[in-house]
Amino acid sequence: MSSPVAHSLTGYLIYRLTVRQDETDRWPPLWAYIAMANFPDIDIVFGLLQNTPFQYHHESIANSIGMTLAFTLLAWGCARVFPNGLRWRRAWLFSALYGTHVLMDFFGAGRAVPILWPLDAHPYINPLGVMPGFVKNHASNAAFLASLMHVWNGVVVLIECAVLLPAIYLAERWRGRRLLEAPPTRPGRKE
Ligand SMILES: [Zn+2]
């Protein structure tokens with residue numbers, strides 16, 4: 001499991017790697033990228049509604065390759081209504097945003113996810129536990145929210161930032177170099 005901070009930074013990284021400055025008006029806004037990068041955690045809401053915060057978290061099919069493909073197809077279908085030739089790239093991005101969340105949860109420590117659904121509904125987790133886990137109390141919503149304040153959770157978020165912020169820095173440098181190298185766009189040119 002990774003924190004919403006890690007998933008949001010990953011969404012930001014993918015946005016900066018895939019959207020050029022001159023086409024931001026033709027792509028979904030940054031907040032949509034960050035929302036999609038966090039979307040597989042939607043199953044926590046069903047537990048929160050029953051005061052059992054982790055009853056369904058990561059055990060639902062939201063964290064699977066099958067749902068990644070389903071959302072990609074849905075995105076492709078929605079993107080078809082925009083006649084700007086970017087529909088396949090947008091659909092591919094939904095795979096990247098949704099799929100990286102599933103992979104990060106699989107490679108992180110914590111709960112197993114049914115990553116191979118619908119081929120196999122069994123939950124799996126990387127046995128090596130690449131990332132340290134969070135301190136969480138599942139007894140009730142109040143206990144869960146209180147446990148999030150544990151100092152260890154702050155340390156884990158700092159470790160996540162130590163991994164992702166350098167990647168964002170490198171992406172920004174690459175982006176800056178591409179801007180310098182890019183030839184001036186011809187007025188009126190459309191993709
Ligand atoms: Zn997750």
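This is a predicted model: local features need pLDDT of at least 70, side-chain atom pairs count only at pLDDT 80 or more; totals for chains, interfaces and linings use all residues.

**Overall fold**
- The protein chain holds seven helices and zero strands, so that its elements, read from the N terminus, run α-α-α-α-α-α-α.
- Of the 191 residues in the protein chain, 23% count as buried.
- Among contacts between residues at least 6 apart in sequence, 59% join residues at least 24 apart.

**Helix 1**
- The buried residues of helix 1 are Ala6, His7, Leu9, Thr10, Gly11, Leu13 and Tyr15.

**Annotated spans**
- An unreviewed UniProt entry lists residues 61-79, 91-109 and 151-171 under "transmembrane region".
- Residues 61-79 are 79% helix and 0% strand in the model, with end C-alpha atoms 24 Å apart.
- Residues 151-171 are 100% helix and 0% strand, and the end C-alpha atoms of this span lie 30 Å apart.

**Largest nonpolar core**
- Within this core of 16 residues, the members that touch the most others are Tyr33, Met36, Ala37, Phe71, Phe94, Leu97 and Tyr98.
- Two or more residues come from each of helix 2 (30-38), helix 4 (65-79) and helix 5 (87-107), and helix 5 gives the most, with five residues.
- Tyr98, leaving aside its neighbours within four places in sequence, is in contact with Met36, Phe39, Pro40, Thr68 and Phe71.

Terms used:
Residues are numbered from 1 along each chain as its sequence is written. A residue is buried if 20 or more other C-beta atoms lie within 10 Å of its own, exposed if 12 or fewer, and partly exposed in between; C-beta atoms are placed from the backbone. Helices (H or I, at least four residues) and strands (E, at least two) are DSSP runs, numbered from the N terminus. UniProt positions are given in the numbering used here, feature names are shortened, and annotations may be inferred rather than shown by experiment. A nonpolar core is a set of buried Ala, Val, Leu, Ile, Met, Phe, Trp, Tyr and Cys residues joined through C-beta atoms within 7 Å. Two residues are in contact if their C-beta atoms, placed from the backbone, lie within 7 Å.
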